[in-house]
Amino acid sequence: MSMVPNSNNPSFSEAEQGRQSLRLKVRQHVNPLSSKYQVPTALPADWIQQAFDNVNRPLIVDIGCAKGSWALNMASNHTNDLNLLGLEIRRPVVDLCLRRKASSGLRNVHFLSVNANVDLTEILSSLQKLSIPIDTVTIQFPDPHFKSKHKKRRVVNAGLVSCIAKFTSQIGSRVFLQSDIEELQCDMVDHFEKSGYFDPVEGYDSAKLGENVNPFEEKTEREIATYAKGLPVFRMLYRRNTQPFDT
């Protein structure tokens with residue numbers, strides 16, 4: 001799919017982003033393995049219809065969307081050809097995202113307060129039942145959980161990769177990964193490559209993570225801040241191959 005923005009849809013107001021982001025103070029890091037985050041989120045049967053004015057547009061699922069700036073900007077620039085679904089584990093942050101959505105008036109973006117490692121199967125299953133095409137799953141600058149004993153908290157693990165593979169097996173969806181921490185990026189890449197379900201998109205090389213480009217015109221706040229410091233960003237883009245999912 002072309003990611004050229006709609007020229008008649010200006011990006012979500014930077015001034016609005018600044019005002020909204022100042023209204024929330026919340027813990028940056030949470031433990032996704034704690035009992036409070038292990039309870040599956042109950043979603044209404046018609047949550048997809050409630051979320052988008054046109055459910056048939058190709059969908060980008062942004063895992064770990066934070067305050068939603070990237071998703072909102074992408075939605076603003078692609079009002080006619082894309083839907084955006086942001087997933088974020090911190091409920092107060094999602095409440096902010098939903099206020100920003102309401103303020104923007106956009107009907108092609110939505111946010112859910114979920115634990116991706118618990119709820120992604122139900123979310124992707126719901127999308128599959130409606131034959132909604134998943135264009136891309138993005139995982140951008142996830143929590144690194146640096147300590148060795150905490151690495152099991154990282155969002156990308158074998159279970160998450162298998163879940164994405166299961167629900168994208170017939171549609172050739174892409175997976176975009178990026179981080180400013182090389183070790184974390186290598187860990188994510190390792191999980192996707194070992195699965196056997198994803199192949200590098202032409203022009204992307206897992207041996208040159210610091211040279212791969214962002215396939216999207218919009219940049220995340222973390223991406224912009226990292227470049228402002230003169231530091232590298234490590235990226236990889238995959239596409240679901242035709243290998244049948246092994247249940």
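Analyst: What follows describes the sheet from its overall order to individual strands and then to the loops beside them.

The model is predicted, so local features are reported only at pLDDT of at least 70 and side-chain atom pairs only at pLDDT 80 or more, while totals for chains, interfaces and linings use all residues. Residues are numbered from 1 along each chain as its sequence is written, and side-chain values use heavy atoms, with hydrogens and water left out.

The chain contains eight helices and seven strands; these are DSSP runs numbered from the N terminus, with helices being H or I of at least four residues and strands being E of at least two. Of its 247 residues, 50% count as buried, where buried means under 20% relative accessible area, exposed means over 50%, and partly exposed lies in between (1.4 Å probe, protein chains only). Among contacts between residues at least 6 apart in sequence, 81% join residues at least 24 apart; a contact means heavy atoms within 4.5 Å.

The seven strands form an open sheet of mixed pairing, in the order S3-S2-S1-S4-S5-S7-S6. Two strands are taken to pair if DSSP finds at least two bridges between them. Strand S3 (109-113) and strand S6 (198-200) are at the edges with a single partner strand each, so one side of each has no neighbour in the sheet. On average, neighbouring strands are turned by 20 degrees against each other, direction ignored; the axes are lines fitted to C-alpha atoms, for helices over the stretch in contact, and angles run from 0 to 180 degrees between N-to-C directions.

Consider S3 and its partner. Five bridges join S2 to S3, and the two run parallel. Within this pairing, Leu85 has His110 in S3 as its bridge partner. Between S2 and S3 the chain passes through helix H4 (residues 91-104), in a right-handed β-α-β crossover. Right-handed here means that, with the strands pointing away from the viewer, the path from the first strand over the helix to the second runs clockwise. Although S3 stands at an edge of the sheet, five of its five residues are buried. Val109, Phe111 and Ser113 point one way from the strand, and His110 and Leu112 point the other way.

Leu85 lies in strand S2 and is buried at 0% relative accessibility. Leaving aside residues up to four places away in sequence, Leu85 touches a set of residues that includes Trp47, Phe52, Ile60, Phe111 and Ile123. Leu85 and Asn108 are 23 residues apart in sequence, with 8.5 Å between their C-alpha atoms. Strand S1 (residues 59-63) and strand S2 (residues 83-88) run parallel and are joined by five bridges. Leu59 has Asn83 as its bridge partner in S2.

Six of the six residues of S5 are buried, so the strand is largely enclosed by the rest of the structure. Both of its faces are covered, with Arg174, Phe176 and Gln178 on one side and Val175, Leu177 and Ser179 on the other. Strand S4 (residues 134-140) pairs with S5 in the parallel sense over five bridges, and Val137 has Val175 as its bridge partner in S5. The path from S4 to S5 goes through H6, and this β-α-β crossover is also right-handed. S5 and strand S7 (residues 234-240), in contrast, run antiparallel and are joined by six bridges, with Leu177 opposite Met236 in S7.

Thr168 is in the loop between helix H6 (158-167) and strand S5 (174-179), and at a relative accessible area of 1% Thr168 is buried. Its side chain reaches the backbone oxygen of Ile164 at 2.6 Å; a polar contact is a pair of N or O atoms within 3.5 Å, where within protein one must be able to donate a hydrogen and the other to accept it, and residues adjacent in sequence count only if both atoms are side-chain atoms. Not counting residues up to four places away in sequence, Thr168 touches Ile134, Ser173, Phe198 and Arg240.

Ser131, in the loop between helix H5 (116-129) and S4, has a positive phi near 55 degrees without being a glycine. Ser131 is exposed, with a relative accessible area of 62%. Phe141 is in the loop between S4 and H6 and has a positive phi of about 55 degrees, although it is not a glycine. Phe141 counts as buried at 12% relative accessibility.
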